[in-house]
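Dear colleague,

Please find below the structure that I am handing over to you. My notes on what was found in it follow directly after.

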Amino acid sequence: MKLTPAQVEAYHREGYLFFPGLFSADETRVLNAEVPNLYAEERPENVREKGSTAVRTNFAAHTYNDAYRRLARHPRLIEPARQILGDDVYIHQFKINGKAAFDGDVWQWHQDYGTWFNDDDMPDARAMNVAVFLEDVNEFNGPLMFIPRSHQKGRQEAGHDVSTTSYPLWTIDNATITRLVAEGGIISPKGPAGSMMMFHCNLVHASGSNLTPWNRTIVYLSLNSCVNHIRRFKRPEYIAHRDFAPIQCLADDCLN
Ligand code: SIN
Ligand code: MN
């Protein structure tokens, strides 16, 4: 999939792009069908919500599940990332975030590059997230919130929050968020299952809890430019990958 010059320009200016319904209902069904079994497994790749058995995030399914192995090589995800980063890309991180009905907890305000810099020694912010909604995302079930254009200000100071949720994260303080929101506002991509979004690794984002009866499962590929590979191997391999070989795409119908 090739982005138009206007889309590339919008990505660089706003820090994100959104493609409602990019994947068909059949393609989304193939991916969704795997989630209950993946989440049911007792393995370190499943991080559960604090005080609950609901899965908050599943890591690295592309290394042990065939449907996700194919998604990780999908040209609708990989080609636009390559085009924007101007380089071959590899998968730094692969997550299926549950945000389960009633149990899905918050993700505090943060930049992904804050964590990748502090924990993994990723040299530059030449990385992004490409995400696919596996269920409809609406204003109620914990949609992602972006502060448009916040990526242009570079990496913000962050503190290591190891207590708010079950997953440690480098988070940004309220004063900084207040200032950034006063300038950029907040937007929230919402749409049907199969929608795709791409966002810069310095775009400041968060999501609220999910008090609805609707799951909000989203799969994220964190793609890094191959030359920008991480230098520190402190976190487990299933959280911060060490295979820096360029992704080879499959055919566009690889999920069918
Ligand atoms: C993230 O920021 O990495 C995940 C946020 C979410 O899935 O709501
Ligand atoms: Mn994030």
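A polar contact is a pair of N or O atoms within 3.5 Å; within protein, one of the two must be able to donate a hydrogen and the other to accept it. Please also keep in mind that this is a predicted model.

With that definition in hand, consider Asp 161, which is found in strand 8 (residues 159-161). A polar atom of the Asp 161 side chain lies 2.9 Å from the backbone nitrogen of Ser 163. Asp 161 is buried yet has no salt bridge; Lys 50, the nearest side chain of opposite charge, is 7.2 Å away. If neighbours within four places in sequence are left aside, Asp 161 is in contact with Gln 108, Tyr 167, Pro 168, Leu 169 and Thr 171.

Ser 52 lies in the loop between strand 2 (46-48) and strand 3 (55-59). Ser 52 counts as partly exposed because its relative accessibility is 22%.

I turn next to ligand 1. The residues around ligand 1 include Lys 95, Trp 107, His 110 and His 205.

- Ser 207, at 2.6 Å
- Tyr 220, at 2.7 Å
- Arg 216, at 2.8 Å

On its own, ligand 1 has 260 Å² of accessible area, and the protein covers 99% of that area.

Finally, the structure holds 17 salt bridges. One of them joins Arg 48 and Glu 42, with the closest N and O atoms 3.7 Å apart. Arg 48 is partly exposed, at a relative accessible area of 21%, whereas Glu 42 is exposed, at 72%. Asp 88 forms a salt bridge with Arg 82, and here the closest N and O atoms are 3.7 Å apart. Asp 88 counts as partly exposed at 33% relative accessibility, and Arg 82 counts as partly exposed at 24%.

Which residue forms a salt bridge with Arg 235? The partner is Asp 120, and the closest N and O atoms are 2.8 Å apart. Arg 235 lies in the segment after strand 12 (218-225) and Asp 120 in helix 6 (residues 112-120), so this pair ties together parts that are 115 residues apart in sequence. Both Arg 235 and Asp 120 are buried. Elsewhere, salt bridges that share partners join Glu 9, Arg 13, Glu 14 and Arg 149 into one network.

With kind regards

Methods:
Residues are numbered from 1 along each chain as its sequence is written. Chains are lettered from A and ligands numbered from 1 in the order in which they are written. This is a predicted model: local features need pLDDT of at least 70, side-chain atom pairs count only at pLDDT 80 or more; totals for chains, interfaces and linings use all residues. Side-chain values use heavy atoms; hydrogens and water are left out. Helices (H or I, at least four residues) and strands (E, at least two) are DSSP runs, numbered from the N terminus. Buried means under 20% relative accessible area, exposed over 50%, partly exposed in between (1.4 Å probe, protein chains only). Lys and Arg count as positive and Asp and Glu as negative; His and the chain ends are not counted. A salt bridge is a side-chain nitrogen of Lys or Arg within 4 Å of a carboxyl oxygen of Asp or Glu. Contact means heavy atoms within 4.5 Å. A residue is near a molecule or strand if one of its heavy atoms lies within 4 Å of it. Accessible areas come from the Shrake-Rupley method with a 1.4 Å probe; for residues, only the protein chains shown count as cover.
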